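Me: I would like a close look at a single part of this protein, with its surroundings described in order.

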Amino acid sequence: MHRPSRSPLATPLQRRHFLALLGGAAAMPRDATALELADAHRLIAENREDGVRILGARGEFVGARGAYYGPPVPFAQLPRHLIDALVASEDRRFYEHWGLDPRAMARAVWSTLTGRTQGGSTLTQQTIKEIYLKEHSPIVRKLLEEPVLAPILEMNLSKDDILFVYLNRVFFGGNAYGIEAAARVYFGKYARSLGILESAMMVGLLPAPNRYNPHRNFALSRDRGLRVIEQMVDAGSLSRRAADRAKRQEVAIAPSRSAWGGVYPRGTQIGWFARWAESEANANAAPAARSGTRTISTTLDLRMQEAAERILRQALRQHAEARRIEEGAIVVMRHDGAVVALVGGRDYREKEWDHATQARRQPGSIAKLFVYLAALQQGDGPDSMVSDAALTLGGRAVRNFDDSYLGEIPLSAALEKSSNTAAVRLAMEHAPAVRRLIRTLNIAEAPEGEAGDLALGTYEARLVDLTAAFASVANQGRMVVPYAVRKVQDSAGTETLTRVFPESSEIRQVMAPQHAAAMRQMLAGVVRRGTGRAADPGFWAAGKTGTTSANRDAWFIGFTEQYVAGVWLGNSDNRPMLGVSGGGLPAQIWRALMLGAGPAEDSAS
């Protein structure tokens with residue numbers, strides 16, 4: 001670990017006392033520890049901008065929302081040419097002064113007083129400003145605060161330590177703070193691997209990070225880097241031959257992984273999950289614990305997330321135009337509600353609206369889950385008989401999807417063929433129990449309308465909630481609340497929120513285990529013999545198809561012994577799709593997901 005060392009330029013004790021007293025007068029009110037300025041690692045973590053780092057289930061960094069701080073890079077691992085570029089461009093007398101450059105300060109103060117913008121602060125002053133003084137008046141900062149605190153910093157830290165703090169803290173644009181974050185955002189590499197021209201471009205960003213952002217204007221950013229190389233030559237830290245060679249280096253800018261205030265090195269589609277995880281963390285934390293830089297450890301399984309993104313992308317690329325599909329969403333969770341993958345739409349960069357956790361759509365025949373569960377709770381069984389005959393309700397005919405009517409059939413067979421007439425009859429008989437289940441499972445408020453609305457799913461619900469309802473069936477009837485956050489830590493590593501998992505016996509039983517088991521059996525029949533055959537992965541699976549009027553929504557939600565997953569396809573403006581039903585493309589997407597996940601070792605037969 002990098003340890004701060006004392007500067008060989010430390011001033012006498014009497015001078016230090018004088019400066020500390022003056023600093024107390026000039027810089028207060030402020031946390032008194034600000035005047036200690038003796039711990040480089042503490043300074044890097046002090047007063048950070050608000051932001052969250054998102055970690056996957058195995059501790060992998062998957063993204064950041066708000067300010068993105070990379071892990072500190074020890075001074076010994078920073079490229080020498082990066083240090084040389086910084087000093088040559090920002091503070092050529094850095095190794096000679098004691099924190100202040102009087103001539104440069106005079107120019108900076110005069111430019112501030114006359115309304116112009118001109119640099120002049122030393123790297124030591126810039127470090128102090130970055131950590132403690134950014135929100136302060138420029139005149140007070142330059143005349144009173146920086147002149148006091150910069151020498152104190154020089155007395156307490158070595159020159160190398162000051163550079164270590166500065167480079168691991170300063171803003172480089174693109175939401176990136178610190179050289180490690182910037183190197184990953186712009187070049188997709190570690191800071192220690194930066195070449196000379198890349199380092200020069202990084203340093204060139206500092207005066208105007210947004211203007212010189214290579215994702216916005218690569219030519220301008222590269223030209224700025226070439227100017228920094230010339231400054232290195234002028235400062236004597238780079239030979240002309242080495243400079244000419246560096247100017248010819250090929251620079252490959254990493255694709256932009258930024259969207260909606262976040263940075264996602266593994267792809268912007270993770271933004272859906274990251275934003276939902278941050279919302280969950282905020283909802284469960286005290287207001288005081290929502291500021292600063294936090295690290296959120298989550299349930300995200302990168303392998304499953306990447307599979308969900310790829311499978312949905314391929315399906316939309318192949319079918320979207322011909323089938324008039326604009327959007328799709330996927331949620332994958334474990335039986336206890338731990339969400340391992342979430343894709344809220346076709347492209348997170350285009351719109352932030354999340355079809356998995358925000359959008360409320362009609363569930364169609366997915367709603368039959370609650371109708372059949374209510375029938376089981378009221379004493380029916382999979383072999384109980386129900387009429388699939390033609391039915392008129394309120395003067396309108398209730399149509400079956402396949403336009404076939406078989407008369408008296410078992411409940412299991414009615415569910416397998418997704419009989420509308422049978423479901424409406426069951427809903428008419430058990431309407432209060434159906435409404436109670438919908439409320440209990442957090443699907444929706446008590447839906448208005450008659451039995452037909454309950455059976456045919458004309459109310460609105462979210463994909464994540466519907467998937468959790470199926471998880472409750474998979475979880476032997478115990479209530480499942482979807483979650484993403486395992487713990488939250490502040491910038492010092494202190495846990496501010498930790499998920500406490502209840503014992504199985506403490507989880508609310510929302511349906512009797514025998515009713516959940518019967519429902520599992522019936523839903524497995526849907527996959528083996530019914531409308532969900534296209535979802536059959538070749539090992540034990542259960543699920544239900546859903547399609548709404550005019551093919552506006554198409555669903556498949558189901559589970560294996562390992563995962564519960566929901567798939568939705570549709571259009572944001574509610575336009576009909578062309579021939580897309582839940583038993584078609586959504587079921588095929590679900591099957592591909594489960595094949596990618598594989599069967600559990602103890603799969604049921």
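Which residue is the bridge partner of phenylalanine 559 in S18?

Reply: In this predicted model, phenylalanine 559 has valine 564 of S18 as its bridge partner. The two strands concerned are S17, residues 553-559, and S18, residues 564-570, which pair in the antiparallel sense over seven bridges.

This pair belongs to an open sheet of five strands, in which the order is S9-S8-S18-S17-S16 and the pairing is antiparallel. On average, and with direction ignored, neighbouring strands here are turned by 5 degrees against each other.

H13, residues 302-323, lies across S8 (327-333), S9 and S18, and runs at about 25 degrees to S9.

Strand S16 (542-547) is one of the elements that give two or more residues to the lining of the second largest pocket, together with strand S12 (396-398) and helix H17 (451-456). The volume of this pocket is about 950 Å³. Its lining comprises 32 residues, and those nearest the pocket centre are Arg399, Asn420, Leu456, Thr547 and Ser549. By class, the lining residues of the second largest pocket are six nonpolar, 19 polar and seven charged.

Conventions. Residues numbered from 1 in each chain as written. Predicted model: local features only at pLDDT ≥ 70, side-chain atom pairs only at ≥ 80, totals over all residues. Heavy atoms only, no water. 1 Å grid on protein atoms, 1.4 Å probe; cavity = no way out; pocket = protein on both sides within 12 Å on 5 of 7 lines; lining within 4 Å. Points joined across faces, edges and corners; volume = space filled by probe spheres on them. Helix = DSSP H or I, 4+ residues; strand = E, 2+ residues; numbered from the N terminus. Nonpolar A, V, L, I, M, F, W, Y, C, P; charged D, E, K, R; others polar. Pairing = 2+ DSSP bridges. Axes fitted to C-alpha atoms, helices over the stretch in contact; angles between N-to-C directions. Contact = heavy atoms within 4.5 Å.
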